[in-house]
Amino acid sequence: MCSVPAAISGGLSLFQGLAMRGAAKNKANQTYQQEIQGTQSAEDNKRQQQLALSEGKQEKIVAAYQDKFAKRVETLAATKALLAKGQAGNTTNLLVMDQIRQGANYNEKVRQSIESMDRQYLFDIKSTEAEYQGIRNRLRSNTINAYNAIPTTGSILLGAASNAFSTELSRGEDGFFRS
């Protein structure tokens, strides 16, 4: 049997350990709630960024196609003007072919520009995904660490018993070893 001071010491240690466990559980639950809210906020932010990227890309593509159409009209008008002069011959044919080539070059430029916009859009989308995953992983790690910080019941009981044993030994009696 242990002495009253050792029992009190062990009981206080047990009580303190259980109180710390309860506080750690509360903190872990709060951290989990923060993870849920943070993840939802990160998802909303990612969705808004991707929507803005999509709308921006669409506007750029529409503008590029409008430019392409305008250049086509300009090319046809220039070709028509050359042919309307009524001149025939190699010079006129060369001028018409040059107008057609300029229009084709512009069309190719627009096509390459749209391809570049598509690649940049995909890169930006991947960037928003990576940012979201980073936030989510950080929040998850915080939650895991908070739950790992909760002391186990076994460690609390062991600490209380150890504290009681230390108190008993410090009294100078061999209470634990008496028969």
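Thr 75 is buried, at 8% relative accessibility. Buried means under 20% relative accessible area, exposed over 50%, and partly exposed in between, with a 1.4 Å probe and protein chains only. This is a predicted model, where local features need pLDDT of at least 70, side-chain atom pairs count only at pLDDT 80 or more, and totals for chains, interfaces and linings use all residues. Residues are numbered from 1 along each chain as its sequence is written, and side-chain values use heavy atoms, with hydrogens and water left out.

Back to Thr 75. Its place is in helix α1. Helices are DSSP runs (H or I, at least four residues), numbered from the N terminus. What does Thr 75 touch, not counting residues up to four places away in sequence? Gln 99, Ile 100 and Gly 103. Contact here means heavy atoms within 4.5 Å.

Next, the core. The largest nonpolar core has 5 residues: Ile 61, Ala 64, Val 110, Ile 114 and Met 117. Helices α1 (4-84) and α2 (90-148) each give two or more residues to this core. The most come from α2, with 3 residues. By definition, a nonpolar core is a set of buried Ala, Val, Leu, Ile, Met, Phe, Trp, Tyr and Cys residues joined through side-chain atoms within 4.5 Å. Look at Met 117. Leaving out residues up to four places away in sequence, Met 117 touches Lys 60, Ile 61 and Ala 64.

Now Lys 46. This residue is also in helix α1. Is Lys 46 buried or exposed? Buried, at 17% relative accessibility. Its side chain makes a polar contact with the side chain of Glu 129, at 3.0 Å. A polar contact is a pair of N or O atoms within 3.5 Å; within protein, one must be able to donate a hydrogen and the other to accept it, and residues adjacent in sequence count only if both atoms are side-chain atoms.

On to salt bridges. The structure holds 7 of them. The rule is a side-chain nitrogen of Lys or Arg within 4 Å of a carboxyl oxygen of Asp or Glu. One joins Asp 118 and Lys 57, with the closest N and O atoms 3.1 Å apart. That pair links distant parts of the chain: Asp 118 in helix α2 and Lys 57 in helix α1, 61 residues apart.

Compare Arg 47 and Asp 44. Their salt bridge has its closest N and O atoms 3.2 Å apart. They are 3 residues apart in helix α1, so about one helical turn separates them. Last one: Glu 108, Arg 111 and Glu 115 are linked in a network of salt bridges.
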